[in-house]
Amino acid sequence: MRTDTRKQHWTFCLFALIAAALWSSPGLAQEKKSLYERLGGVYAIATVVDDFIERLLVNKTLNANPAIKAARSRVPKAGLKFSVTAFVAQATGGPEKYAGRTMVAAHGHLNITEKEWGVMVAEFKKTLKKFKVPQAEQDELIALLATTKGDIVKK
Ligand code: HEM
């Protein structure tokens with residue numbers, strides 16, 4: 001009888017230890033989902049990109065840059081939305097593969113200034129707000145965007 005009680009005690013302790021390990025280890029029970037998953041996958045990303053590109057296409061500051069304006073009328077917007085969606089999906093950890101040009105090759109000829117970059121970020125924030133993207137995911141997306149700045153804004 002006493003041995004049984006002791007056994008129960010140790011079994012309980014073992015369970016408690018395993019539960020504590022699972023609870024505290026991000027690699028086990030609480031593995032963090034990718035940004036892609038937290039955003040809702042490719043359909044949600046495509047929806048956000050669609051709204052964002054539509055805003056950029058009519059933006060007065062961006063269209064005042066003749067190189068951007070010329071590219072706008074030459075490049076079909078559906079293709080641009082597709083490419084940007086694939087880029088964001090890949091960058092956020094999704095299975096889609098971006099097969100377009102590098103950011104330098106795609107933007108070098110556009111002479112994008114600091115001011116134009118700032119306008120683009122402001123429009124992106126409006127889109128994120130419109131779709132009620134949670135603050136943590138917004139921050140991660142803005143940080144991701146910032147990693148491309150050096151390749152996109154002219155030196
Ligand atoms: C002020 C900022 C930006 C402007 C004005 C802009 C504008 C453009 C334009 C006009 C094109 C088409 C260029 C051409 O084919 O001649 C383009 C392509 C592209 N942009 Fe941007 N862009 C900006 C920022 C960004 C950022 C931050 C990203 C990614 C996070 C991005 C991703 C892309 C991609 C993936 C393509 C397609 C490249 C390809 O066709 O191979 N752009 N952009």
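User: In this predicted model, what makes Leu145 and Ile152 contacts of Trp117?

Analyst: A contact requires heavy atoms within 4.5 Å. In the predicted model, Trp117 meets that criterion with Leu145 and Ile152, and also with Ile112, Ala146, Thr148, Lys149 and Val153, once neighbours within four places in sequence are left aside.

User: Which residues have the most contacts inside the largest nonpolar core?

Analyst: They are Trp117, Met120, Phe124 and Leu141, in a core of 31 residues. Helices 2, 3, 5, 6, 8 and 9 each give two or more residues to this core.

User: Why is Glu137 called buried?

Analyst: Its relative accessibility is 10%, and the term applies under 20%; Glu137 therefore counts as buried. Glu137 lies in helix 9, which spans residues 135–146. Apart from neighbours within four places in sequence, Glu137 is in contact with Leu35, Arg38 and Leu39.

User: What makes His107 a donor of the iron atom of the ligand?

Analyst: The cut-off for this metal is 2.8 Å, and NE2 of His107 is at 2.0 Å from the iron atom, so His107 qualifies as a donor. His107 is the only protein donor of that atom and lies in helix 7, residues 103–107.

Conventions
Residues numbered from 1 in each chain as written. Predicted model: local features only at pLDDT ≥ 70, side-chain atom pairs only at ≥ 80, totals over all residues. Heavy atoms only, no water. Helix = DSSP H or I, 4+ residues; strand = E, 2+ residues; numbered from the N terminus. Buried < 20%, exposed > 50% of the residue type's maximum accessible area, 1.4 Å probe, protein only. Core = buried A, V, L, I, M, F, W, Y, C linked by side-chain atoms within 4.5 Å. Donors = N, O, S within 2.8 Å, 3.2 Å for Na, K, Ca; no water.
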